[in-house]
Structure formats: structure tokens, C-alpha cells
Amino acid sequence: NAFGMTALFPAASRAAFAGGRMFSRRSVVAARAVAPVASLKGFHDVARARVHLETRARPRAARVAGSSRKQCLATAAVRAPEVSVADTPVLSWRAAVDFKKLKEDPVAAQTNADNRAAVCDINKVVQLYDAFQTLNREVDELRELRNQNSSAMKGKLEPDKRAALIQEGKDLKEKLSAIEGTLQALEYEMQTEGQKVPNDTHPAVPIGGEELAVLRKEVGAQRNFSFEAASHVDIGERLGMFDFETGGKVCGSRFVYLTGAGAMLELALINWAMAKVVSKGFKPMVVPDLVRQQTMEKCGFQPRAENTQVYNIEGTDLCLAGTAEILLGGVYMDEVVAEKDLPIKMAAFSHCFRTEAGAAGSATRGLYRLHQFSKVEMFVIATPEQSDALHDELTEIEQEMYTELGFHFKVLDMSSQDLGAPAYRKFDIEAWMPALGRYGEISSASNCTDYQARRLNIKFRPEAVDGKKQPLKHVHTLNATACAVPRMIITILENFQNEDGSVDVPAPLQPFMGGVTKLTPEVVDAKKEGK
């Protein structure tokens with residue numbers, strides 16, 4: 001969702017979120033140096049099944065010049081193997097990409113990716129898959145021959161016969177070793193390219209850019225002010241709620257200290273939001289701020305990508321989480337759940353960290369784009385049959401919450417190019433922000449179908465049919481923003497301000513503010529004013 005690290009990012013950086021790169025730390029150098037592209041169709045002789053591995057190390061200009069889909073198609077060369085197992089990049093995890101589905105209709109898959117402005121080459125993925133399957137069968141055949149060779153050496157044998165079998169075993173071992181490195185490199189490339197392929201797209205999603213988003217619902221109306229509406233920055237500073245100066249001095253740009261009523265309003269929003277989602281059946285959690293890069297990759301984000309929105313912790317495999325979606329998605333990673341236990345609903349409070357690479361303009365002023373903010377996130381694990389209805393349910397919860405606060409907002413069915421790689425469909429909610437003079441996104445809800453589950457390896461066991469055990473299936477995952485604190489504060493301050501500089505506190509928040517109904521201007525400390 002938007003606060004799940006996709007739509008809230010500047011357009012220039014959204015392309016970074018197209019899938020995960022999957023290598024262990026020890027293989028980073030090798031991964032950059034090796035990029036196998038191969039087509040082994042028709043190769044039945046093991047000696048000919050040698051793949052020429054083109055290097056990624058060639059100059060960037062050369063890569064760009066040869067980057068058309070036709071030029072990127074797999075090629076084969078009959079030559080000695082150039083990659084040993086020891087030199088091959090190692091997959092630290094594998095996504096259960098549906099390669100068979102891509103092969104069945106590559107044109108539809110490429111059209112879907114193009115509609116979403118996702119950079120991937122389906123033809124290349126399919127050829128890599130074919131090459132991998134071909135070479136993998138030959139490896140299996142060699143292993144079977146080795147097993148037969150080992151069996152044949154059992155018992156008493158004539159010396160000549162034993163010597164022949166020993167030599168045959170050595171030859172088979174050499175042949176197997178010669179192509180296992182190539183197979184491993186081929187799988188690495190297949191996974192890397194395959195994970196660039198985005199999720200399918202719901203048929204109702206409008207095709208094109210963000211401006212084509214379809215209005216699903218509008219709640220309330222814009223307020224008519226009898227005075228000039230002040231910005232949330234001016235209001236907050238006048239009320240002693242924000243301290244951007246200290247934030248900049250201590251931490252740098254786009255950091256803020258919430259002080260006085262600002263701190264109390266954040267806590268009120270968090271407690272109100274958590275109480276609301278718990279009443280809707282969600283299990284409350286407070287999750288860590290750090291997460292493994294691998295877990296982030298499995299959720300469909302690229303912590304190592306250029307212009308990444310992720311803060312990485314140097315010398316570790318950890319990064320600062322941009323959303324609790326990632327932490328909640330990891331709860332059932334590598335697990336099988338019973339169908340009777342679905343759906344599983346979780347909600348978490350967390351701090352979120354974003355580099356905001358590429359962000360610029362007036363929308364970055366004040367609280368709109370910060371490097372760190374607080375958020376309450378909803379996350380659901382469900383069966384495929386449940387996910388569409390749950391997507392609507394998540395959006396209805398959001399609408400109920402923002403209606404209670406008195407916001408004027410729109411619910412949008414976002415267009416294909418605004419979808420992150422994991423999202424099958426996404427509903428955004430944009431609230432009216434008077435001083436900005438436009439609607440600003442305050443939340444979103446996404447149905448990711450089985451995209452994340454195929455990477456996180458989350459499955460469920462369907463109920464038995466006629467007493468027969470059913471095969472495992474991947475679950476569907478959904479996420480939605482309950483409360484992204486900075487955008488909520490902006491909306492409250494700008495919509496509920498009064499001419500005297502005070503701000504009315506929405507009724508649902510008043511019990512969490514100690515009964516305060518109105519925020520009034522405070523006498524700012526003279527020393528603070530003199531800074």
C-alpha cells in the first residue's frame with residue numbers, strides 16, 4: 001500500500017520496487033560478475049550442453065545499446081564451461097515464481113508488465129526457464145547414471161570390470177561437476193529475472209498513469225473558510241507542536257520533534273487507531289524497527305536497488321523497516337496454516353523509515369514527507385476465495401475511521417502504473433488539505449494475492465474433500481493503512497483550524513487527549529523564540 005512503500009514514493013523511485021535480488025553476502029561480488037543467458041533446446045549430449053556466460057561487468061553503455069528484448073534473448077555456445085560451482089552466485093532463497101504460467105502466455109504476461117511500467121523481459125525469463133529445465137534434466141540423468149555405476153560396483157567383480165567402472169564413475173563425476181556450476185548460475189539468473197515480473201492486475205484496474213485513477217466514493221465536502229487557511233506548519237509552530245529546527249540540528253533535514261500538543265496528538269491517534277482495529281478483530285502488535293534485507297526482498301521490495309527508499313545498516317544484513325507490512329508479512333514466513341484458521345488479521349504500530357530519494361517540491365515541506373514517522377498498519381492472511389471481500393473490508397474500515405474524524409476524502413481505484421510490484425489492486429484514500437490546495441494521500445489498501453506468499457513461503461492446507469487430503473496452496477496477503485500519523489495531523493490541523501489560531505480536536509480523539517477539545521496558542525518560551 002502507499003504507506004507500504006509504493007505510492008507514497010516519488011515516481012522516479014517507484015521503479016526500484018520491482019522484486020528482490022537474492023544472493024548471500026559472500027556471493028555479492030560473484031553475482032555482479034556473472035549473468036548467464038542460455039538456450040539449451042536440442043542439446044542432448046552433455047558435452048555440448050555448455051553455456052556461454054556473458055559478464056555483467058561490460059560498460060553500461062554497451063548494456064544499454066544491447067538492451068532490446070530481441071537482443072536480450074538467451075543464446076548458447078558450444079565451448080568449455082566457464083563457471084565452477086565455487087565461483088557461482090548463491091541463492092539465499094528462492095521465490096516460487098509461476099514460470100509455467102509465464103511460459104503458457106508470455107504475450108499476456110509482458111502486456112501486463114508493460115501496463116504497469118514494470119521493467120522486465122518475459123521472453124528472456126521463459127528462455128531461461130526452458131534452458132534451466134533442459135540442463136536440470138541432464139543433471140538428473142547424470143546423477144542416475146552415477147547411482148547405477150555405484151550399484152554396479154557392489155559385490156565381487158573382475159579387476160578389469162571394476163577398473164572400468166571406477167573410470168566410468170570418474171568420468172561421470174567430472175561431467176556432472178562441469179555443468180552443475182552452469183546450472184546453478186542459470187538458476188540464479190532465472191530467479192533474478194523472474195522476480196522482476198510484477199503481480200497480475202485486477203481486470204477492473206484502469207490502465208495507465210496515476211491521473212487515470214477511478215473515483216469509487218467521495219465523503220464530505222471541502223470546508224468554506226471565512227479566513228485564509230494557514231498551513232499545518234504555521235499552525236503547528238504557533239501551537240508549539242513542532243520543532244523542525246531542533247530536528248534539523250540534531251538529525252538533519254526532514255526530521256521533526258513533536259512537542260507538547262503535537263506529541264499528545266500523535267499518541268492519541270495511535271491509541272485511537274489501535275483500539276479501532278482491535279475492535280474489528282485484528283491482533284495488536286508492536287514490531288521491531290529493524291528487519292532482515294531478505295525478508296524485505298520477499299515482500300517485493302529492493303533494499304539494495306539504486307534510489308532505494310530503504311536505510312541499510314552497514315556491515316549487517318539488516319535495514320530499517322519502511323512499513324510494518326514487512327514485519328507482519330514475516331510472522332508466518334515458511335509456515336503452513338490450516339484453512340479453518342483463515343483469515344488471520346494482524347495490526348501493528350511501528351516507526352517507519354524512508355530515504356525519500358527523488359522527493360522534491362512543496363509537498364515535501366513540513367510533515368508531508370519525513371524520513372521517520374509513526375504508523376498503524378493492518379495485515380491479513382487469507383485464502384484466495386476470501387481476499388477480494390477482505391480488500392473491500394479493509395477499505396471500509398479506513399473509511400469508517402476517517403468519517404468519524406470528520407475528514408473530507410475520496411476513495412480511488414488506482415491505475416496500473418501506480419501499483420507496486422506486489423499489488424493486484426490498490427484503493428487509495430486522499431483527504432482534502434486546504435492549505436496545500438489539493439487532496440493528499442492518507443492511506444491505501446492493497447490485495448497482493450499470492451505474490452508475497454510465493455516469496456515468503458506461506459501456505460495453507462485446504463479442508464479435506466471426501467476424506468482425501470488436499471495439496472498445499474499459497475495464501476493471499478493484504479495490507480492497509482489504519483493511521484499514518486503525519487498525514488493525519490496535517491489533515492486535522494488544516495481542516496479544523498479556527499480564525500483565532502486554535503484547532504478543534506475531533507471528538508473520537510478527545511478521550512485520548514485527556515479530554516482536551518481545543519488546541520489553543522501557547523506562549524512560546526522566549527529563549528526558544530530567540531533561536
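Strand 11 (residues 344-353) and strand 12 pair in the antiparallel sense through ten bridges; two strands are taken to pair if DSSP finds at least two bridges between them. Helices (H or I, at least four residues) and strands (E, at least two) are DSSP runs, numbered from the N terminus. The model is a predicted one, in which local features need pLDDT of at least 70 and side-chain atom pairs count only at pLDDT 80 or more, whereas totals for chains, interfaces and linings use all residues. Residues are numbered from 1 along each chain as its sequence is written, and side-chain values use heavy atoms, with hydrogens and water left out.

Strand 12 is mostly covered, with ten of its eleven residues buried. Buried means under 20% relative accessible area, exposed means over 50%, and partly exposed lies in between (1.4 Å probe, protein chains only). In a regular strand the side chains alternate between the two faces of the sheet.

Contact means heavy atoms within 4.5 Å. Not counting residues up to four places away in sequence, Ala 347 touches Met 274, Val 277, Phe 282, Lys 283, Pro 284, Met 285, Leu 328, Glu 377 and Met 378. The C-alpha atom of Ala 347 is separated by 9.1 Å from that of Glu 325, a residue 22 places apart from it along the chain.

An open sheet of three strands has the order 7-9-8, with antiparallel pairing. Strand 7 (290-292) and strand 8 (311-312) stand at its edges; each has a single partner strand, so one side of each is left without a neighbour in the sheet. Strand 8 and strand 9 (residues 318-320) are paired in the antiparallel sense over two bridges, and Asn 312 has Cys 319 of strand 9 as its bridge partner.

A charged residue can also be followed under cover. Lys 426 belongs to strand 14 (residues 425-433) and, with a relative accessible area of 0%, is buried. Its side chain makes a polar contact of 3.1 Å with the side chain of Asp 428. A polar contact is a pair of N or O atoms within 3.5 Å; within protein, one must be able to donate a hydrogen and the other to accept it, and residues adjacent in sequence count only if both atoms are side-chain atoms.

Glu 187 takes the reader to helix 7 (residues 159-194). At a relative accessible area of 15%, Glu 187 is buried. Leaving aside neighbours within four places in sequence, Glu 187 is in contact with Leu 91, Arg 94 and Phe 132. Glu 187 and Ala 131 are 56 residues apart in sequence, and their C-alpha atoms are 9.4 Å apart in space.

The structure holds seven aromatic pairs. Rings of Phe, Tyr and Trp (its six-membered ring) pair if their centres lie within 6.5 Å; planes under 30 degrees apart count as stacked, over 60 as edge-to-face and the rest as tilted. One of the pairs is formed by Phe 225 and Phe 227, which are edge-to-face, at 5.4 Å centre to centre and with 80 degrees between the planes. Phe 225 counts as partly exposed at 22% relative accessibility, whereas Phe 227, at 17%, counts as buried. The rings of Tyr 402 and Phe 407 have centres 6.3 Å apart and planes at 15 degrees, so this pair is stacked. Tyr 402 is buried at 0% relative accessibility, and Phe 407 is buried at 3%. Tyr 402, Phe 407, Phe 409 and Phe 496 form one aromatic cluster.

Two arginines have their charged ends over tyrosine rings: that of Arg 455 sits 3.7 Å from the ring centre of Tyr 451, and that of Arg 487 sits 3.6 Å from the ring centre of Tyr 368. A charge sits over a ring if NZ of Lys or CZ of Arg is within 6 Å of the ring centre and within 35 degrees of the ring normal.

For the protein as a whole, the secondary structure comes to 16 helices and 20 strands, and buried residues make up 53% of the 531 residues.
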